[in-house]
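Look through the sequence and the model below before reading on.

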Amino acid sequence: MIPLAKLLEAALFASARPIPADELSALAPDASPAEIASALDTLREHYDVDGHGVELAEIGGGWQILTRAEYTEAIERAQLAARPQRLSAAALETLAIIAYRQPIGRTEVEEIRGVAVGSILKSLQERALIDVVGRAEGLGRPLLYGTTSLFLEQFALRHLEELPRADELAIALRPSPQPL
Amino acid sequence: MSMETTLEETSSADSAAAGVDESEVPRVAEPEPEPVAPVGFLVDLPAFAGPLDLLLSLIRDEKVDIYDIPIARIAKQFLLRIRVLQLNDAAEYLELAARLLRIKAQMLLPRHGEAETWEDPRAELVRRLLEYQQMREVVDILERRGDERRSRFARAYLPEAGEMALAPLALSLGELLTAVDRILRVTKEPTVHTVVARTLDVAGAISMVRRLIATRRNARWGELVARDAEPWQILSMLLALLELAKQGELRLAQPRPFASVEIEHDSTGEVA
């Protein structure tokens with residue numbers, strides 16, 4: 001591997017969070033973005049082709065070294081690391097709505113879900129998956145929520161645009177049902 | 001999830017709750033009862049994330065067209081299910097049940113006027129259901145991607161938020177001793193201050209104030225104390241003024257915080 005790829009590998013190994021492209025550039029100020037990208041490709045190929053237990057993943061606007069899925073069970077059985085807990089269906093629903101409609105207030109989320117979401121918003125905020133991104137105009141200036149970079153990270157998304165657009169979903173909303 | 005499973009969960013929660021009630025009675029070799037949610041308000045059943053979820057699964061089970069919901073049948077089924085699932089004291093489920101019955105009533109009303117102007121009372125419900133179903137689709141995507149990510153581990157090392165861990169010390173005994181020696185040398189000579197007591201001249205200050213207010217009614221602090229006055233002079237004057245004010249020879253006033261103190265000749269005090 002070229003020295004730049006080794007440098008990036010070392011940095012990615014040292015970090016527990018995905019490293020964004022601009023921070024990778026800061027490691028090697030002389031390297032152009034194209035050189036960084038090609039070094040990352042080299043590293044990815046190195047992991048994939050030569051057969052490694054880890055892989056290079058592009059997640060949450062950055063790059064991260066992750067263990068391969070096939071070894072998860074063994075690692076967990078040996079209690080070396082534990083998978084984070086799954087979110088409840090209610091939390092996922094709330095998160096899905098916020099991801100698509102952000103910035104969005106509590107009332108609008110409740111309108112779509114048909115249930116109160118106050119405590120779920122709080123716990124999602126505690127888990128740093130959502131955050132307050134502003135206040136709406138109008139009565140009481142309610143808080144508006146949006147998703148965080150940790151959300152992208154935990155759902156292995158490079159960016160929000162990676163989620164299908166609303167009109168690409170199987171059930172695209174029709175403007176209004178045909179009158180009978 | 002099937003309804004049978006849900007019912008099982010409900011009944012097991014009931015029996016566990018009953019176990020909690022008997023906890024006063026000493027038990028022999030029995031594990032602690034699992035903590036359970038309060039009985040009678042089992043809303044957050046894992047099977048259904050809310051009333052719309054329940055309604056959607058009903059529509060799916062009954063195999064009816066979402067754009068042409070047989071509202072009377074679905075409303076009846078919905079009420080039946082919330083009773084079976086003990087959801088009938090959850091306001092959100094009741095609210096949707098009420099809405100269904102209201103739509104059912106509206107459907108029964110005779111239609112006046114042209115067919116084009118008639119608005120289907122189910123339209124709003126259908127819109128909400130579709131919106132909800134669309135969101136469920138996103139939930140499926142998130143669930144899949146979340147599982148994908150969860151099945152791969154990242155490096156576990158996480159620095160404390162906001163601060164990097166300190167690097168381990170690399171230090172030889174010689175270096176340590178040199179450092180100690182340096183500190184001892186720097187602090188060898190303690191600086192000793194000689195404190196000289198200065199007597200205050202309160203009596204002098206009193207006679208000075210008296211001289212001044214004998215000729216005029218008002219004076220200001222700035223006129224009594226020179227700008228370059230020594231601390232002992234300032235203190236003497238302050239004590240003199242307080243003393244004279246106590247004796248009633250003058251009045252002190254300060255119109256606002258940090259303003260110059262105004263001294264006023266108190267004629268009443270003089271008379272007394």
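Strand 2 and strand 3 of chain A pair in the antiparallel sense over six bridges. Two strands count as paired if DSSP finds at least two bridges between them. Helices (H or I, at least four residues) and strands (E, at least two) are DSSP runs, numbered from the N terminus. One bridge joins I59(A) to its partner G62(A) in strand 3 of chain A. This is a predicted model, in which local features need pLDDT of at least 70 and side-chain atom pairs count only at pLDDT 80 or more, while totals for chains, interfaces and linings use all residues. Residues are numbered from 1 along each chain as its sequence is written, and chains are lettered from A and ligands numbered from 1 in the order in which they are written.

The pair belongs to an open sheet of three strands in chain A, with the order 1-3-2 and antiparallel pairing. Strand 1 (19–20) and strand 2 (54–59) of chain A are at the edges with a single partner strand each, so one side of each has no neighbour in the sheet. Two helices pack on this sheet. Helix 1 (residues 3–14) of chain A touches strand 1 and strand 3 of chain A, and its direction makes about 70 degrees with that of strand 3. Helix 3 (residues 33–50) of chain A touches strand 2 and strand 3 of chain A, at about 140 degrees to the direction of strand 2. For such angles, axes are lines fitted to C-alpha atoms, for helices over the stretch in contact, and the angles run from 0 to 180 degrees between N-to-C directions. Two residues are in contact if their C-beta atoms, placed from the backbone, lie within 7 Å.

Chain A has another sheet to follow. Three strands form this open sheet in the order 4-6-5, again with antiparallel pairing. Its edges are strand 4 (104–105) and strand 5 (130–135) of chain A; each has a single partner strand, so one side of each is left without a neighbour in the sheet. Strand 5 of chain A is joined to strand 6 (residues 143–147) of chain A by five bridges, and the two run antiparallel. Within strand 6 of chain A, T147(A) is the residue opposite I130(A). Helix 5 of chain A lies across strand 4, strand 5 and strand 6 of chain A, running at about 95 degrees to strand 6.

Taken whole, chain A has eight helices and six strands. Along the sequence they follow the pattern α-β-α-α-β-β-α-α-β-α-α-β-β-α. Of the 180 residues in chain A, 29% are buried, where buried means that 20 or more other C-beta atoms, placed from the backbone, lie within 10 Å of the residue's own.

Chain B has 10 helices and three strands. Of its 272 residues, 18% count as buried. Strand 1 (residues 218–220) of chain B runs antiparallel to strand 3 (residues 262–265) of chain B, joined by three bridges. Strand 2 (residues 250–253) of chain B also pairs with strand 3 of chain B in the antiparallel sense, over four bridges. The partner of R220(B) in strand 3 of chain B is E262(B), and R251(B) stands opposite E264(B) in that strand.

How do two helices of chain B pack? Two packed helices are described by the angle between their axes and the distance between the axes. For helix 7 (residues 202–215) and helix 9 (residues 231–247) of chain B, the angle is about 60 degrees and the axes are 8 Å apart. The residues of this contact divide into nine nonpolar, two polar and one charged. Here Ala, Val, Leu, Ile, Met, Phe, Trp, Tyr, Cys and Pro count as nonpolar, Asp, Glu, Lys and Arg as charged, and the others, Gly among them, as polar.

Where do the two chains meet? The contact takes 41 residues from chain A and 36 residues from chain B. Helix 5 of chain A gives the most to the chain A side, with nine residues. By class, that side has 30 nonpolar, seven polar and four charged residues.

The largest nonpolar core has 62 residues, and L8(A), L95(A), A96(A), I98(A) and L100(B) are those with the most contacts inside it. A nonpolar core is a set of buried Ala, Val, Leu, Ile, Met, Phe, Trp, Tyr and Cys residues joined through C-beta atoms within 7 Å. Leaving aside neighbours within four places in sequence, L95(A) is in contact with L87(A), L124(A), L129(A) and L142(B). Another core lies apart from the largest one and has 10 residues, among them A240(B), L241(B), L250(B) and I263(B).

Note on methods. Buried ≥ 20, exposed ≤ 12 C-beta atoms within 10 Å, placed from the backbone.
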